[in-house]
Amino acid sequence: MEEKMVLKLLNTLSRKKETFKPINDKKVGVYTCGPTVYNYAHIGNLRTYIFEDILKRVLQYNGYRVKHVMNITDVGHLTSDSDTGEDKMEKGALDQKKTVWELAKLYIASFKQNMSDLNLLSPEIWCKATDHIKEQISLIKKLEEKSFTYKTSDGVYFDSKKFKKYGKLAKLDIKGMQEGARVAKNSEKKSITDFALWKLSPTDKKRQMEWESPWGKGFPGWHIECSAMAMKYLGETIDIHCGGVDHVPVHHTNELAQSEAATGKKFANYWLHGEFLLINEGRMGKSKGNFITLDTLKETGYSPLAYRYFCLGAHYRSKLNFSLKALQGAQNSLNNLNKTIYDYDDPTEVDTQYQEKFMKAINDDLNMPQALALVWELVKSDMETGKKSATLFEFDKVLGLQLQESFDKAEEEKAEIPDEILKLAEDRLEAREQKNWAQADKLRKKINKLGYNIEDAKDGYHIKK
Ligand code: AMP
Ligand code: ZN
């Protein structure tokens, strides 16, 4: 397709669908907040990463070269958003009787396995908070020089009142928040929306992760890592920044404030947020004890791609309720799709009319439910099957359901069937055509005895080991 279609994305900043315009003509920088590696990712977290993977694939499908940066939070994410509580990593290490470094290694590996199981494209750059302490310290110094910070007995804080547009992303009602918090106010924070940039190590306890800094030994606050690493790898203004909706009022609000305060420039042109995965209508959360991992689904017999298919069935900005029944529905649909394609001819040419409709759906703020509906419309159409497979494999560049891989595997399996079995299958087909059901049945049993299964299909039969 020569003519370029407009890509529209809902920008949290304006709450409107906007036409996407990158800073550079062909290159797009995307920063996605990555996992905090003190535990396994749950399938709610993974829903967000699936949405981000779709975004990346849609950008690529539109001809952009995407530089995707994902961080790994391996320090400094406190158990509460108000800068109190323990560091999730230090607490996780203690609970699980591991060092923090072991903990990070274990859960990073598990996260990367989840990504590969779900067919998520790898980011161009992975970056760990602990590898970027220097960058975080220099960003805090810059904020200090510009008088956006103040010190307390436990660290260095961002003075949110000094940043006039504080809260613009979340449209926060700061006055209301302050009034609500007055009763519980007990910290040295000047304002409820101020947040830690650097926390000092406690004097009575030895932390496993701590670094020297101009303000004393300690560790960075959670938000500063994303600003420091996003700017290091993507520049002071980036094209797209994403995460789950829970990041809007705190984490992304604070990232935006400290970045724009430091540079005086707009931090991200587009902010995209994925809605929650729910379970029994409540949010799935790491600390809520209701979380399901991808490995559990695998052990129960579901394929990770069925979970991906399940997520594609809802728009990324809609809440999605998880149940095994619904997942089973997705697994059945995906199996049916693969089975149907298995009967198709080898791919010939892509149908441009369908491709255009597909592009329209995905470019309308990633409307994947509509894209999936189009898949089934195509399957049910009377198009020749070589064109169908070519078009579906083209769609799969965005869907990421590995349709071609499964088609190729089936072809290989077909090629591996011994001649003896193929001969029996042909004889059986002939018997069926002559309506000699008894003979056909006899031949089926013979095939089964030799360790193969035969299933009837529109164009003949399928044999499987
Ligand atoms: P975390 O590892 O807790 O920092 O979370 C990783 C990502 O998952 C973040 O972008 C969160 O916004 C997102 N997230 C957390 N809980 C859910 C959920 N129930 N559904 C979808 N995304 C979630
Ligand atoms: Zn972040």
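**Close-up views of a predicted model**

**View 1. Spacing of the zinc donors.** In sequence, the donor residues of the zinc ion (ligand 2) follow the pattern C-x192-C-x24-H-x3-E. C33 sits in the loop between β3 (27–32) and α1 (43–61), and C226 sits in helix α6, so this pair ties together parts that are 193 residues apart in sequence. The model is predicted.

**View 2. The zinc site.** Four residues coordinate the zinc ion (ligand 2): C33 through SG, C226 through SG, H251 through NE2 and E255 through OE. The distances run from 2.0 to 2.5 Å. Angles among the four donor atoms span 77 to 130°. The site is irregular, because a tetrahedral one needs all angles between 85 and 135 degrees.

**View 3. Helix α6 against helix α7.** Helix α6 (residues 222–234) packs on helix α7 (residues 248–263) at about 55°, with the axes 9 Å apart. The angle makes α6 oblique to α7. Their crossing is right-handed. On α6, the contact uses W222, H223, I224, C226, S227 and M231. On α7, it uses V250, H251, N254, E255, Q258, S259 and T263. By class, five residues are nonpolar, seven polar and one charged.

**View 4. Helix α15 against helix α16.** Helix α15 (residues 419–433) and helix α16 (residues 437–449) pack at about 160°, and their axes lie 8 Å apart. That angle makes α15 roughly antiparallel to α16. The crossing is left-handed. Contact residues of α15 include I421, L424 and A425. Among those of α16 are W437, L443 and I447. The contact has eight nonpolar, one polar and five charged residues.

Note on methods: Residues numbered from 1 in each chain as written. Chains lettered and ligands numbered in written order. Predicted model: local features only at pLDDT ≥ 70, side-chain atom pairs only at ≥ 80, totals over all residues. Heavy atoms only, no water. Axes fitted to C-alpha atoms, helices over the stretch in contact; angles between N-to-C directions. Helix = DSSP H or I, 4+ residues; strand = E, 2+ residues; numbered from the N terminus. Parallel < 35°, antiparallel > 145°, perpendicular 65-115°, else oblique. Left-handed = near helix turned anticlockwise from the far one by under 90°. Contact = heavy atoms within 4.5 Å. Nonpolar A, V, L, I, M, F, W, Y, C, P; charged D, E, K, R; others polar. Donors = N, O, S within 2.8 Å, 3.2 Å for Na, K, Ca; no water. Tetrahedral: all angles 85-135°; square planar, octahedral: opposite > 155°, others 65-115°.
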